[in-house]
Amino acid sequence: MRRVTLTQFLIEQQRAGRTTPELRLLIEVVARAVKAISVNVSKGALAGVLGEAGTDNVQGEAQKKLDVIANEILLQANEWGGHLAAMASEEVEEVHQIPFDYPKGGFLLLFDPLDGSSNIDVNISVGTIFSVLRNPEGDGEPTEQNFLQPGREQVAAGYALYGPSTQLILTVGDGVHGFTLDREMGSFIYTHPFMTVPNETQEFAINASNARYWEPPVQRYIAELQAGKSGPRGKDFNMRWVASMVADVHRILTRGGIFMYPMDEKCRDKGGKLRLMYEANPMAMIIEQAGGAATTGRERIMDLQPTKLHQRVPVVLGSAAEVERVTKYHLEG
Ligand code: AHG
Ligand code: MN
Ligand code: MN
């Protein structure tokens, strides 16, 4: 079988006019960083990368050593290539400017360096999520304001999943494409062309320990799923919750499902749990590109006008028929 590498895939996309040399370079650099993160994640205790870093990030969350390592890898890998105007990271409060001795490019890169941090020490899948926007200001030093573009403006989005195998999932607005890391060769191989999310599903993902804080439309929806065959849905549903958004979304991209981190009384004052710019938006683009849907329960995620770099939002995404139903329950209520 002919093996297509990520590089070959991107060059072919470029020839077809679906991507530019600059965006191709950006994606290749992110992929290289992902390989380095994958090496660190998989070494675990052998490399002394488990446990707390002893610091808090901008969100007031305790950083794990791997949060810090993954963040450093992504920042350093992307600084020198000349393809970026600036970066933003879950782990960095302000916009990260490109050092002045390097050339600058036209894109803004946003990332969650290590998603699912609570799973690091227990050896369960974690990931990296990224989003690419155009810098609207051309050559100047980008400000936070330049990043505050709705998700529909993303030119590319993707994630890496550090699971039993390391996978890179990518969209440049022409479907969703999956690559698997060949560790011996050190290259990503094109293994999952045009991934799609089935319209219907019998699987849901939500942190049920928050049930008492949910809003009535979420209470209603989940109660109906739990009632199974004997309830209004007339069929049984299965539940999964990895607590790594990347892993939960990847399962949905592979076999369907609905993922929810909805608004609840516990996270209301923060606006939600998940971050809009580097969690919800890139995942929404991927899910929509795969034929699914992504809303806050009330509005399409990619239509939200961001007001802050580290803004949080409620998230409902996955199989379109289920996301539409949840959204309908919210809008009725
Ligand atoms: P991060 O590790 O980047 O802070 O993100 C964790 C997120 C997401 O990956 C996951 O779906 C969710 O938080 C889990 O939240 P609970 O611990 O409340 O289940
Ligand atoms: Mn995350
Ligand atoms: Mn994170």
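Helices (H or I, at least four residues) and strands (E, at least two) are DSSP runs, numbered from the N terminus.

Before going further, note that this is a predicted model, in which local features need pLDDT of at least 70 and side-chain atom pairs count only at pLDDT 80 or more, while totals for chains, interfaces and linings use all residues. Residues are numbered from 1 along each chain as its sequence is written, chains are lettered from A and ligands numbered from 1 in the order in which they are written, and side-chain values use heavy atoms, with hydrogens and water left out.

**The whole chain**

Along the principal axes, the C-alpha atoms fill a box of roughly 65 × 50 × 45 Å. The radius of gyration is 19 Å, which agrees with the value near 20 Å that a compact globule of 333 residues would have; the radius is taken over C-alpha atoms, and the globule rule is 2.2 Å times the number of residues to the power 0.38. Of the 333 residues, 58% count as buried.

**The nonpolar core**

Next, select Tyr159 and Leu253, which touch the most other members among the 44 residues of the largest nonpolar core, a core being a set of buried Ala, Val, Leu, Ile, Met, Phe, Trp, Tyr and Cys residues joined through side-chain atoms within 4.5 Å. Elements that each supply at least two residues of this core include strand 5 (107–115), strand 6 (126–134), strand 7 (156–162), helix 6 (245–255) and helix 7 (276–289). Helix 7 gives the most, with 9 residues. In soluble globular proteins, nonpolar side chains tend to be buried together.

Stay with helix 7 and colour it by accessibility: 12 of its 14 residues are buried, so this helix is largely enclosed by the rest of the structure. Among the buried residues of helix 7 are Tyr278, Glu279, Asn281 and Pro282.

**Two loops with positive phi**

Most residues other than glycine have a negative phi, and most peptide bonds are trans. With that in mind, go to Phe194 in the loop between strand 10 (187–192) and strand 11 (203–205); although Phe194 is not a glycine, its phi is positive, about 40 degrees. Then move to Ala243, in the loop between strand 12 (238–239) and helix 6, where phi is near 75 degrees, again a positive value in a residue other than glycine. Ala243 is partly exposed, with a relative accessible area of 34%.

Finally, select Arg298, in the loop between strand 15 (293–295) and strand 16 (312–313), which is partly exposed at a relative accessible area of 40%. Leaving aside neighbours within four places in sequence, Arg298 is in contact (heavy atoms within 4.5 Å) with Glu215, Thr327, His330 and Leu331.

How values were computed
Buried < 20%, exposed > 50% of the residue type's maximum accessible area, 1.4 Å probe, protein only.
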